[in-house]
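Work through the exercises below with the sequence and the 3D structure open. Try each task before reading its solution.

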Amino acid sequence: MTAAAEAFGDPERSAELARVEREFLAASRTFGARERRRLRTFVGALSLLVVLTLVAGVVAWQQNRANERRGAEAAARRIAAVAENMRSSDPVRAMRLSVAAWRLSHTAETRSSLLGAMVQKEERSFRIPVPGATPGGVSLSADGRFLVVVGSDRVRRWDVLTQKLSGVPFTVGEDEMVLNTSPDGRRLLATRGQRLQLWNLASGKRDGGPFGSADDYPDFGPSGRTLLTVRGSSAILRDLRYRHVMARSDGGASGGAAVVSGDDRYLVLCPKKGPVTLWDVAEGRTRKGDWEHGTTESSCDDYASRISLDRDRLAVRDSHGIRIWDVTTGKEIHRIRVAKAENVTLSADGRFLAAATPGEILLWRLASAGAPVFRYSLVNEPADALRIDTARGEIRYLGGEDSSNPVVRTISIQDAVQPGWRHEPVADAAFGPDGRVLGTATRTGEKVRFRLVRGTDGARVAGLPSAPCGRGGGADGCAVLTRFSPDGRAFAFGAVPRNSSDDSSVGTERVTLWGLRGPHRKRSVALTGKADDSGLPPLLSDTEASDSGTDTVVPGPGVRTCWPIGGTRAAGAVGSARAGWPGQGDQRRWPGHGDRPRGRRVLLPR
């Protein structure tokens, strides 16, 4: 048919065909055209169907992904919420859940939970696996390492760090009654008939034979090596290794209470009336000190939590706070103002003091006890038996609402006990634009010392010249300036005397500009004019503006105008500056605030 159509398709050629042949050829051509149209329609419809199928599949896939993403986000939010609620009850699991929530979906809630896990102070929480402890039968060792539980059937010792049993559980004899456990977590004291009996908590066996008298109701010393008994008005300290009397005070304990120091060298004796007495065990005499004028018989009320004696520090809690004396000199060295402080304890090295209030735990560094270096809020629970572990940077305490089944909680204080603390307060500090360099200013006597350190590890970058701290060198005698330029090429520092006159005028003072790139060049810049509320007058150069280049802007605290400092393009070069206070000289002032491209100008609102 194709060949016939090509041969006789021309009207002149079709005349050669008979009428029937022409009609057959025409009908064949019409049928072929109709079939081609039908085929094209079928192909088009099939293509449209394939396209629609693909579109529907893609939309369904996208919807499925969106549903999965929303489901993952919802699950991640729920996990993050659970993690936030478990911070205090199970800190380790809370941190793991925070990480899992962040890995599941990156949302604002999971990011907040992850950051909370990074900064949370709670590290561990150990709930006693065996409930049913006798009243007062739960004790935490002085270093916070061991938890001794005297149950109704057995005595168990747990390792708080590993949360496993440490030692052999044992049962005391039927004729024995447990009195207390040693602060080092190694021994248990019980009565055996009318005598006293020691038990070894590691082996679960009796430690030696009966000794002493059960009528004395003795107590362990903080070291665990001694036993303290108050008989009449005398305190008797007994050595547990040799079972003999180490020291006996000549009265002084008429109140029936005494406290032993951590090194077994001193005894605090509580009288019925009057101040407490400090007894020197080694010398066998009473030590005199300012505590005789700062304590009363009420200082011995609940003496176990009110008095702490360790090494050469005596801490006593009163109604106004905590008072600390140096045992060697007898002088009062610190007075800490804190309301309703409880469970006062000193660290083993005598450098830190911790106390619990009804709402928080506080930690002070005794070298500078003006303010606590650590605070931790308590949530509906008390904090008993505070223990400071400076080696691991932790505080452990007994918490929980049920006193018969308490929880040993561990909180981190690593930032507070690090040795990098300084005695001098930082008067001012500023980070560079990229955060790599930190400029600090500290007051030492009548001078302000400036330093540039790395922001990552605190290593010194450059030692800068010091400046006198105003007139008289008092804490309020000068306004300290530490500022970086926005491009990070210069650091401005100085100490400007504060204005004390009625006309708020100051004399010409100077600050120093220090180049941070290339050779460390410095230039002195004068500050003149009237000071603002911060005590800083505007910046004015003592030289004319140098050659053109990228300006370095050094704004100061409280300054409300622009300080452009021209500089050359050479590395480390610091140029001069000219700016005026509104109404003076070369004034640059615009409404609002903003900056210009490439850091050439900065504008601060007035």
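**Exercise 1. A buried arginine**

Task: Locate Arg396, and state which backbone oxygens its side chain reaches.

Solution. 
Step 1. Arg396 belongs to strand E27, which spans residues 394-399.
Step 2. The relative accessible area of Arg396 is 1%. The cut-off for buried is under 20%, so Arg396 counts as buried.
Step 3. A polar atom of the Arg396 side chain lies 3.0 Å from the backbone oxygen of Asp143.
Step 4. The backbone oxygen of Gly144 is reached by the side chain of Arg396 at 3.4 Å.

**Exercise 2. An open sheet**

Task: Give the order of the strands in the open sheet that contains E6, and say which strands stand at the edges.

Solution. 
Step 1. The sheet has 4 strands in the order E6-E7-E8-E9, with antiparallel pairing.
Step 2. Strand E6 (176-181) and strand E9 (205-206) each have a single partner strand, so one side of each is left without a neighbour in the sheet.
Step 3. E6 is joined by 5 bridges to strand E7 (residues 187-192), and the two run antiparallel. Thr181 stands opposite Leu188 in E7.

**Exercise 3. A serine in a loop**

Task: Place Ser233 in the chain, and list the residues it touches beyond four places in sequence.

Solution. 
Step 1. Ser233 sits in the loop between strand E11 (226-231) and strand E12 (234-239).
Step 2. Its relative accessibility is 33%, so Ser233 is classed as partly exposed.
Step 3. Leaving out residues up to four places away in sequence, Ser233 touches Ser249, Gly251, Gly252, Ala253 and Ser254.
Step 4. Ser249 is 16 residues from Ser233 in sequence, and their C-alpha atoms are 8.5 Å apart in space.

**Exercise 4. The whole chain and its confidence**

Task: Describe the chain as a whole, then find where pLDDT stays under 50.

Solution. 
Step 1. The chain contains 8 helices and 42 strands. It has 606 residues, and 44% of them count as buried.
Step 2. Among contacts with a separation of 6 or more, 42% come from residues 24 or more positions apart.
Step 3. The mean pLDDT of the chain is 77, and 77% of the residues score at least 70.
Step 4. pLDDT stays under 50 over residues 500-508, where the model has 13 contacts beyond four places in sequence. Over residues 531-606 pLDDT also stays under 50, and the model has 199 such contacts.
Step 5. Where pLDDT is low, the predicted coordinates should not be read in detail.

Note on methods
Residues numbered from 1 in each chain as written. Predicted model: local features only at pLDDT ≥ 70, side-chain atom pairs only at ≥ 80, totals over all residues. Heavy atoms only, no water. Buried < 20%, exposed > 50% of the residue type's maximum accessible area, 1.4 Å probe, protein only. Contact = heavy atoms within 4.5 Å. pLDDT = per-residue confidence, 0-100. Polar contact = N/O pair within 3.5 Å; in protein donor to acceptor, adjacent residues only side chain to side chain. Pairing = 2+ DSSP bridges.
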